[in-house]
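Subject: Structure handover

Hello,

Here is the structure I said I would pass on. Please open it alongside this message.

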Amino acid sequence: MSYESTIPEKFIWPDEFKPSQDIPEFQVPEIDMKAFLSRDQKVISNLCSKVDEACKKHGFFHVVNHGVDAEMIAKAHALMDYFFGMPLLEKQKAQRTLTDFRGYASSFTGRFFTKLPWKARVARNGLSAKWIGFRVW
């Protein structure tokens, strides 16, 4: 599908589902992990409340000052680019099952909408050397 010159009909959503220009830009909640290093229980409790609120209100947040090495993050991005650049048949070898959230899934909306989203995802608890081709950690 990445070589098609026009957008396939199955990806074109009705106007009522398309984004509006009138909606204000969303500010992703930022969680600063430096607070955990402070050992101040009040500061840590406040941070935990922010995580709780972000999860309940938005379902995600942006973590800063987490201490993860920039080189490891770059490797993770390279692996994501590698995986999602693979042909569909190869990605489907890591297909998610009904009983496990881990694995490849190209759409979560198929049961609810007739149009497909422009997304794909893969979830793993850990990365095996066999699955990614080389060891990250």
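Below is what was found, from the whole chain down to single residues.

Please keep in mind that this is a predicted model.

Overall make-up

The protein chain contains 5 helices and 4 strands. Read from the N terminus, the order of these elements is β-α-α-β-α-α-β-β-α. Of the 137 residues in the protein chain, 17% are buried. The accessible surface of the chain is about 11,300 Å², and carbon and sulfur atoms supply 57% of that. Among contacts in the chain with a separation of 6 or more, 46% are between residues 24 or more positions apart.

The segment before β1

Two residues in this part of the chain are worth a look. Phe26 lies in the segment before β1, the strand that spans 30–32. With a relative accessibility of 37%, Phe26 is classed as partly exposed. Together with Val28 and Phe60, Phe26 makes a nonpolar surface patch of about 260 Å². A residue has to have over 30% relative accessible area to be part of such a patch, and Phe26, at 37%, is above that cut-off.

Gln27 is also in the segment before β1. The relative accessible area of Gln27 is 59%, so this residue counts as exposed. Gln27 and Phe61 are 34 residues apart along the chain, and 9.7 Å lies between their C-alpha atoms.

Cysteines

How many disulfides does the structure hold? The number is 0. As background, a disulfide is a covalent bond that links the sulfur atoms of two cysteines. Cys48 has a relative accessible area of 40% and is therefore partly exposed. Cys55 is likewise put in the partly exposed class, with a relative accessibility of 40%.

A lysine in helix α4

Lys91 belongs to helix α4, which covers residues 88–91. Is Lys91 buried or exposed? Lys91 is buried, and yet it has no salt bridge. The nearest side chain of opposite charge is that of Glu90, 11 Å away. For a salt bridge, a side-chain nitrogen of Lys or Arg has to be within 4 Å of a carboxyl oxygen of Asp or Glu. Leaving aside residues up to four places away in sequence, Lys91 touches Phe83, Phe84, Met86 and Tyr104.

Regards

Definitions and conventions:
Residues numbered from 1 in each chain as written. Predicted model: local features only at pLDDT ≥ 70, side-chain atom pairs only at ≥ 80, totals over all residues. Heavy atoms only, no water. Helix = DSSP H or I, 4+ residues; strand = E, 2+ residues; numbered from the N terminus. Buried < 20%, exposed > 50% of the residue type's maximum accessible area, 1.4 Å probe, protein only. Contact = heavy atoms within 4.5 Å. Areas by Shrake-Rupley, 256 points an atom, 1.4 Å probe, with all protein chains shown as cover. Patch = residues over 30% accessible without salt bridge, like charges linked within 9 Å, V, L, I, M, F, W, Y side chains within 5 Å. Disulfide = S-S within 2.5 Å. Lys, Arg positive; Asp, Glu negative; His and termini not counted.
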